[in-house]
Amino acid sequence: MIAEIGHFALVLALCVALVQAVVPLMGARRGNMAWMNVAGPAATLQFLFIAIAFGALTNAYVTSDFSVMNVAQNSHTDKPMLYKVAGVWGNHEGSLLLWITILALFGFAVTLFGRNLPPGLKSRALAVQAMIAVGFLAFILLTSNPFARLDPPPVNGQGLNPMLQDPGLAFHPPFLYLGYVGFSMAFSFAIAALLEGRVDAAWARWVRPWTLAAWVFLTCGIILGSWWAYYTLGWGGWWYWDPVENASFMPWLAGTALLHSAIVVEKRDALKSWTILLAIIAFGLSLLGTFLVRSGVLTSVHAFATDPARGVFILLLLCTAVGGSLALYAARAPMMKMGGLFSPISREGALLLNNVLMATGAATVLLGTLYPLIADALNLGKVSVGPPFFNAVFLPLMAPMVLVMAAAPMLSWKRGDMAGVLGRLKFIAALALGTAMLVWFLQGGSAGPWWTAAGFALAVWLGLGTLWDMAERIGLFTRPANALSRAARLPNSAWGMLLAHFGLAVFIVGLTASSAWTTEHIQTQKVGETVQVGGYGVTLKGVEDVPGPNYTASRATFEISKDGKAIGVMQPEKRMYRQPPRPTTTAAIRSGITGDLYVVIGDPDPKAGPGGGWVTRLYFNPCIPWLWAGGLLLVVGGLISLADRRHRIGAPARAANAAAKA
Amino acid sequence: MRRFLYVLPVAVFAIMALFFLKGLTLNPRDIPSVLIDRPVPEMSLAPLPGRGESSGLGTENLKGRVSLVNIYGSWCISCVQEHPVLMEIKRRGDAPIHAVDWRDDPVLGAAWLKKNGDPYERVGIDPPPGRTAVDFGVTGAPESFIVDKAGVIRYKHVGPISMEIWTKTLLPIIRELEKR
């Protein structure tokens with residue numbers, strides 16, 4: 001019964017969304033206030049219905065109602081409660097329901113916080129949100145109904161893919177979707193602005209915090225995903241340039257560019273049509289990500305439901321949304337007024353350079369991701385584009401960006417003084433060069449890869465450059481007595497920016513060190529045998545079977561020693577899940593500031609005889625915690641910036657005044 | 001010129017969309033064999049030790065009957081998994097199976113058959129670097145080819161054959177080819 005209510009609520013939501021997509025738009029065109037005002041209540045109602053549907057599916061999972069096909073295929077009574085709930089979005093139908101729930105939530109948020117918005121902009125944006133909702137609701141109802149029943153119901157379910165039964169992954173999709181769908185706000189407002197034919201500072205002031213929020217969520221989601229890949233896939237790697245990873249990384253790059261160009265629109269009234277285009281691209285790439293994952297046009301380790309009929313529908317959706325909005329852009333953007341001018345050496349100029357490099361980066365990732373498809377379609381043969389392509393093309397693009405990043409926040413708007421800024425940074429530059437030489441010397445010259453020196457130099461340049469900027473802003477060296485009070489007065493957005501930029505520097509350290517100096521030992525290890533890894537002695541003590549809630553684990557115990565002294569034990573597991581019967585590995589990780597000791601237990605070696613040896617894989621991954629710390633700083637920086645008074649979601653009164661005047 | 005710049009994004013997207021449309025009809029997992037509907041490559045492979053002087057595999061041996069040509073090697077893990085299915089096919093007498101012992105030491109290849117059972121009529125040794133298998137378009141072992149009466153390759157299966165794949169996919173193709 002509850003499942004039917006959920007299904008019916010989705011149908012009602014579709015009807016409401018249809019009204020919300022048409023009436024306010026016509027109202028805005030005719031200047032009819034009553035019609036425009038339909039948008040707010042409709043968005044609220046739509047959210048309510050979709051929330052009911054989401055609640056109904058969650059209820060079916062929590063109570064293990066196996067008469068619902070989706071639950072029977074993806075859940076099991078044995079599963080811990082966390083994964084029953086996470087199972088709601090651990091499958092195709094449920095993840096789409098989560099997607100649409102978040103979309104409706106954002107629409108609802110516009111009505112909650114958007115009281116100061118000009119009514120024309122608000123009603124048009126909500127109508128665009130509703131159009132997206134119509135597309136996805138129709139997709140769910142026509143091709144992917146999560147509430148389909150099974151008759152007779154099975155006694156128990158088939159279980160969730162054990163790889164997905166992990167706390168890191170339970171929260172990965174919601175964060176990712178909050179990011180993807182969060183860009184729909186910038187998108188809807190961009191389309192609304194194109195329809196109105198006007199982009200102003202009020203528009204940017206509204207779009208910026210939403211873009212920032214979406215960016216924070218997406219960053220969080222990507223980091224959670226990488227972290228999960230790092231500790232569950234058992235290879236010690238954390239990024240594979242897999243199509244689905246790229247699908248989340250491309251909107252991130254476009255979103256990062258959007259975040260920065262929106263600043264220019266807000267402060268300087270420039271780069272307007274470029275910012276609109278970025279808003280369309282950021283959401284378009286999010287939709288593309290959905291298409292790539294759901295349609296099966298590309299092979300991926302993530303491939304979960306793939307079905308050509310669904311693929312056609314999503315392609316249609318993608319063409320309407322992205323093709324339509326880009327066509328609108330081509331028609332309307334040339335008519336938009338040009339904004340303020342600036343010289344190439346200025347903060348605007350630096351932000352534009354950041355944008356160009358970010359967009360080029362996103363384009364190369366897109367090309368690399370789609371190239372196998374293009375080659376196949378043109379009969380050039382089956383090819384796969386792997387990490388070597390991305391590392392060789394993408395990373396060099398990012399190097400000049402990092403170079404500019406340290407100096408850009410010190411440049412003034414409109415016309416900057418490059419010589420002056422470089423003068424302020426000359427000690428940092430010297431330190432960066434010194435670091436490069438030191439790293440080169442320590443790794444024994446060309447015994448290691450050449451780019452380690454460059455990577456560390458860039459990290460030092462950006463990290464210390466950012467700290468130096470921070471110190472200068474609060475007058476730490478010039479007037480140390482007042483530094484604290486000046487620090488307190490520095491706006492949150494400045495702190496957020498500095499923290500995030502510093503976070504990227506920390507991330508680069510982790511990226512460089514872990515890519516260059518990971519050591520790997522794969523061997524058959526007998527009980528009692530010690531292997532030396534990264535300065536640690538790793539001794540296999542034994543392997544025992546341990547029961548889990550819905551699996552049986554072979555748990556190995558390793559004793560770790562340093563300089564002959566025992567410092568702890570590590571217990572990696574190899575789990576065999578009961579439903580579905582699939583093995584997973586759980587690595588044991590011992591983190592330190594210099595890196596991770598990473599231990600994986602494999603199968604017993606048949607040649608070694610009874611009680612003999614196990615295949616073990618032991619890694620020392622240098623500086624991996626720096627990656628997570630850097631990512632965390634990016635997120636915290638974003639959150640602090642979001643807490644800035646001027647960014648507070650809901651566009652402050654000044655914005656309303658400006659809009660009223662316009 | 002400026003106008004063109006504004007149209008560029010939608011044009012690029014339109015081209016992408018065309019590729020996606022084409023992509024939906026393609027299956028990225030399906031690696032085609034360039035040799036489907038072509039005669040088997042010219043070959044004359046020596047027999048394995050202990051299997052008889054004239055039990056090697058040559059192009060001529062594949063004419064006259066519809067047969068399955070299996071690529072295996074004593075180093076190949078998945079072949080162990082597939083092997084009981086081949087033994088069952090032989091027991092039922094569904095179709096003759098020949099083999100190419102690919103990139104292998106003849107002694108090891110023969111010992112492997114002694115240990116796991118020998119379902120093959122003819123086995124030819126294709127020592128490293130394994131030119132003949134490459135001529136077949138093999139990407140890994142095990143792989144199997146259905147060859148018709150005229151010695152033309154009609155179907156390629158990548159990976160181990162399961163009983164289900166045999167009865168539902170491969171055997172119907174063989175029965176169809178036998179009627180011609």
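Start in chain A by selecting residues 530-533, strand β2, together with residues 536-547, strand β3: the two pair in the antiparallel sense over four bridges. Two strands count as paired if DSSP finds at least two bridges between them, and the strands and helices on this tour are DSSP runs, numbered from the N terminus (helices are H or I, at least four residues; strands are E, at least two). Before you click on, know that this is a predicted model, where local features need pLDDT of at least 70, side-chain atom pairs count only at pLDDT 80 or more, and totals for chains, interfaces and linings use all residues. Residues are numbered from 1 along each chain as its sequence is written, while chains are lettered from A and ligands numbered from 1 in the order in which they are written.

Now zoom in on the turn. β2(A) and β3(A) make a hairpin with two residues between them, and Gly534(A) in that turn has a positive phi of about 50°. Across the pair, Gln532(A) sits opposite Gly537(A) of β3(A).

Three residues link β3(A) to β4(A) in a hairpin. For a landmark, pick Asp545(A), whose bridge partner in β4(A) is Ser554(A).

Next, show the open four-stranded sheet of chain A, ordered β1-β10-β9-β8 with antiparallel pairing. Its edges are β1 (519-526) and β8 (588-592), each pairing on one side only. From one strand to the next, the twist averages 15°. Select residues 595-604 to see β9(A), which is joined to β8(A) by five bridges. Ile589(A) has Tyr598(A) as its bridge partner there.

Helices next. Select residues 39-62 (α3) and 119-143 (α7) of chain A: they pack at an angle of about 30°, with their axes 9 Å apart. Axes are lines fitted to C-alpha atoms, for helices over the stretch in contact, and angles run from 0 to 180 degrees between N-to-C directions. α3(A) and α7(A) are therefore roughly parallel to each other (that label covers angles under 35 degrees). On the α3(A) side, Ala39(A), Ala43(A) and Gln46(A) make the contact; among their partners on α7(A) are Leu126(A) and Ala133(A). Contact means C-beta atoms, placed from the backbone, within 7 Å.

Hop over to chain B and colour its five-stranded open sheet, which has mixed pairing and the order β5-β4-β3-β6-β7. β5 (123-126) and β7 (153-158) are the edge strands. Inside the sheet, β3(B) and β6 (residues 143-147) run antiparallel, joined by five bridges, and Ile71(B) faces Glu143(B) in β6(B). Lying across β6 and β7 is α5(B), at about 170° to β7(B).

Last stop: where does helix α2 of chain B, residues 77-92, kink? Click His83(B), shortly before Pro84(B), for a kink of about 35°; the bend is the angle between axes fitted to the seven residues ending there and the seven starting there. His83(B) is also one of the buried residues of α2(B), along with Cys79(B), Glu82(B), Leu86(B) and Ile89(B) (buried: 20 or more other C-beta atoms within 10 Å of its own, C-beta atoms being placed from the backbone). These buried residues pack against β3, β4, α3 and α5 of chain B. Just past the helix, Gly93(B) takes a positive phi of about 70°.

Definitions and conventions: Buried ≥ 20, exposed ≤ 12 C-beta atoms within 10 Å, placed from the backbone. Contact = placed C-beta atoms within 7 Å. Parallel < 35°, antiparallel > 145°, perpendicular 65-115°, else oblique.
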